[in-house]
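Reader: I would like to go through this structure with you, one topic at a time. Could we begin once it is on the screen?

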Amino acid sequence: MKISIFTSALLVLLTLVSCNSNPSLQRYFVENTDNKDFIALDVSPDILNLEKTKLSAEQNEALKSFDKMNILAFKANATNQAQFETERAKVKAILKDPKYQELMKFGSGKDGASISYVGADDNIEEFVVFANRKENGFAVVRVLGKNMNPNNIMTLMSVLKESKINMEQLKPLQELIKK
C-alpha cells in the first residue's frame, strides 16, 4: 500500500514538473524552426574563420566561452502584418520574464532593439538580441556559451572585426535584410 501511494505521488510530481507551460525562447525557437514564415539558423564559432594562433590569450578565452548562436527571424510583408504583430508580442512577453535581464534598449515605438542576458554578471549563459522593424520583420539572436561575461563579449566583438566570416551560412538572413 505504501509503495503504491509513493509511486502515485511520484508520478503526479513528475507530471507537474514536466508540464511546465511557461513560455521560453528555447521553446519558441523549437516551435517556429520549421514554420515557413520564419528563417532559423544555428551558427557555430567556426563561421568566424579565425586563425586561432594569431589570437591573444584574452581573445582565445572569449572565443572558448562562446558555444553557438541561434537565430530566428520573421520576415514581414504586406500580407502577414497581423501575424507579425502577434509573433512580435509573443517574443516581447517572453523577454519580460525576470530571468532575462535587459542591458540596453534602443529605438522608438514599434521599431527598435534590445539586448538582454541570462545568468550572473560573471557567468552569463545566454545573450539575447531582439531587433524588429515593421517593414522588415524581426530577429531574435541567442548567443549561448559557458562562463561568458561582458568583457568576453566585448573582446568577441573585437575578434569579429578580424574575422573572415563565412557569409554562406548567413545567406538566409541576407534575404530578410534586403527590401
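Reader: Take N152, then. Is N152 buried or exposed?

Author: N152 has a relative accessibility of 5%, so N152 counts as buried. This residue lies in helix α5.

Reader: Which residues is N152 in contact with, leaving aside its neighbours within four places in sequence?

Author: Those residues are E61, A62, S65 and N147.

Reader: What about N147 itself, buried or exposed?

Author: N147 counts as exposed, because its relative accessibility is 51%. N147 belongs to strand β6. Its phi is near 55 degrees, a positive value in a residue other than glycine. Most residues other than glycine have a negative phi.

Reader: Back to helix α5. At what angle do the axes of α3 and α5 cross?

Author: The axes of α3, residues 57-65, and α5, residues 150-162, cross at roughly 105 degrees and come within 9 Å. That makes α3 roughly perpendicular to α5, since angles of 65 to 115 degrees fall in that class.

Reader: Which residues meet there?

Author: From α3, the residues are E58, Q59, E61, A62, L63 and S65; on the α5 side they meet N152, T155, L156, S158, V159 and E162. By class, this contact of α3 with α5 has 4 nonpolar, 5 polar and 3 charged residues.

Reader: And M154, what is its setting?

Author: M154 is placed in helix α5. With a relative accessible area of 58%, M154 is exposed.

Reader: How do α2 and α4 pack?

Author: Helix α2 (residues 25-32) and helix α4 (residues 81-95) have axes 10 Å apart, at an angle of about 155 degrees. Angles over 145 degrees count as roughly antiparallel, and α2 and α4 are therefore roughly antiparallel to each other. On the α2 side the contact is made by L25, Y28 and N32, and on the α4 side by E87, K90, V91, I94 and L95. These residues divide into 5 nonpolar, 1 polar and 2 charged.

Reader: Changing topic: how many aromatic pairs are there?

Author: The count comes to 8 aromatic pairs. One of them is F38 with F138: the ring centres are 6.2 Å apart and the planes stand at 70 degrees, so the pair is edge-to-face.

Reader: Where do F38 and F138 lie?

Author: F38 lies in strand β1 (residues 38-43) and F138 in strand β6 (residues 137-148), so the pair ties together parts that are 100 residues apart in sequence. Both F38 and F138 are buried. They also belong to one aromatic cluster, formed by Y28, F38, F74, F84, F130 and F138.

Reader: F138 brings me to N132. Which residues is N132 in contact with?

Author: Leaving aside neighbours within four places in sequence, N132 is in contact with R88, K110, D111, G112, G137 and F138. N132 has its place in strand β5, residues 123-133, and is buried, with a relative accessible area of 9%.

Reader: Now the whole chain. How many helices and strands does the protein have?

Author: The protein has 6 helices and 6 strands. From the N terminus on, the elements run α-α-β-α-β-α-β-β-β-β-α-α. Of the 179 residues, 37% are buried. Among contacts with a separation of 6 or more, 63% are between residues 24 or more positions apart.

Reader: Last point: what is the average pLDDT, and where does it stay under 50?

Author: The average pLDDT is 80, and 79% of the residues score at least 70. Over residues 6-19 pLDDT stays under 50, and for this stretch the model has 0 contacts beyond four places in sequence. Where pLDDT is low, the predicted coordinates should not be read in detail.

Technical notes
Residues are numbered from 1 along each chain as its sequence is written. This is a predicted model: local features need pLDDT of at least 70, side-chain atom pairs count only at pLDDT 80 or more; totals for chains, interfaces and linings use all residues. Side-chain values use heavy atoms; hydrogens and water are left out. Axes are lines fitted to C-alpha atoms, for helices over the stretch in contact, and angles run from 0 to 180 degrees between N-to-C directions. Helices (H or I, at least four residues) and strands (E, at least two) are DSSP runs, numbered from the N terminus. Angles under 35 degrees count as roughly parallel, over 145 as roughly antiparallel, 65 to 115 as roughly perpendicular and the rest as oblique. Contact means heavy atoms within 4.5 Å. Ala, Val, Leu, Ile, Met, Phe, Trp, Tyr, Cys and Pro count as nonpolar, Asp, Glu, Lys and Arg as charged, and the others, Gly among them, as polar. pLDDT is the predictor's confidence in each residue, from 0 to 100. Rings of Phe, Tyr and Trp (its six-membered ring) pair if their centres lie within 6.5 Å; planes under 30 degrees apart count as stacked, over 60 as edge-to-face and the rest as tilted. Buried means under 20% relative accessible area, exposed over 50%, partly exposed in between (1.4 Å probe, protein chains only).
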